[in-house]
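Read the following alongside the sequence and the coordinates. The account moves from accessibility to the fold and then to charged pairs.

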Amino acid sequence: MPKEDKITLDAEVTEALPDAKFRVRLQNNQEILAYVSGKMRKFFIRILPGDRVTIEMSPYDMTKGRIIYRF
């Protein structure tokens, strides 16, 4: 598996934390910590608890992710 491969999953935001971080629940009921990607921060896309989002995760650390899209 090349280093550039990312895992993309759908999730639901359960809690908003300080510093643009969020606790999200994946489809398999696992909770991870996620942060907002740079483009979403640049264009002031607001994320609230209850929103459905797309997460990008590294296969090396399955406890953290990056929010790349809000539905």
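A residue counts as buried under 20% relative accessible area, as exposed over 50%, and as partly exposed in between. By that scale Arg-25, with a relative accessible area of 35%, is partly exposed. The model discussed here is a predicted one.

The fold comes next. Five strands form a closed barrel in the order E1-E2-E3-E5-E4, and their pairing is mixed. On average, neighbouring strands of this sheet are turned by 55° against each other, direction ignored.

Strand E3, residues 31-36, runs parallel to E5 and is joined to E5 by four bridges.

E4 and E5 form a hairpin, with six residues between them. Ser-58 lies in this loop, between strand E4 (52-57) and strand E5 (64-70). The relative accessible area of Ser-58 is 23%, so Ser-58 is partly exposed. Ala-16 is 42 residues away from Ser-58 along the chain, and the C-alpha atoms of the two are separated by 22 Å.

The charged pairs can now be placed. Side chains of opposite charge can pair when their charged atoms come close. The structure holds three salt bridges.

One of them links Glu-56 and Arg-66, with an N to O distance of 2.2 Å. Glu-56 lies in strand E4 and Arg-66 in strand E5, so this pair ties together parts that are ten residues apart in sequence.

Another salt bridge brings together the side chains of Glu-31 and Arg-25, at 2.8 Å from N to O. Glu-31 has 35% relative accessibility and so counts as partly exposed; Arg-25 is likewise partly exposed, with a relative accessible area of 35%.

Glu-15 and Arg-23 form a salt bridge as well, their closest N and O atoms being 3.6 Å apart. Is this pair buried or exposed, or does it fall in between? Glu-15 is partly exposed, with a relative accessible area of 36%, and Arg-23 counts as partly exposed at 30% relative accessibility.

Technical notes. Residues numbered from 1 in each chain as written. Predicted model: local features only at pLDDT ≥ 70, side-chain atom pairs only at ≥ 80, totals over all residues. Heavy atoms only, no water. Helix = DSSP H or I, 4+ residues; strand = E, 2+ residues; numbered from the N terminus. Buried < 20%, exposed > 50% of the residue type's maximum accessible area, 1.4 Å probe, protein only. Pairing = 2+ DSSP bridges. Axes fitted to C-alpha atoms, helices over the stretch in contact; angles between N-to-C directions. Salt bridge = Lys/Arg side-chain N within 4 Å of Asp/Glu carboxyl O.
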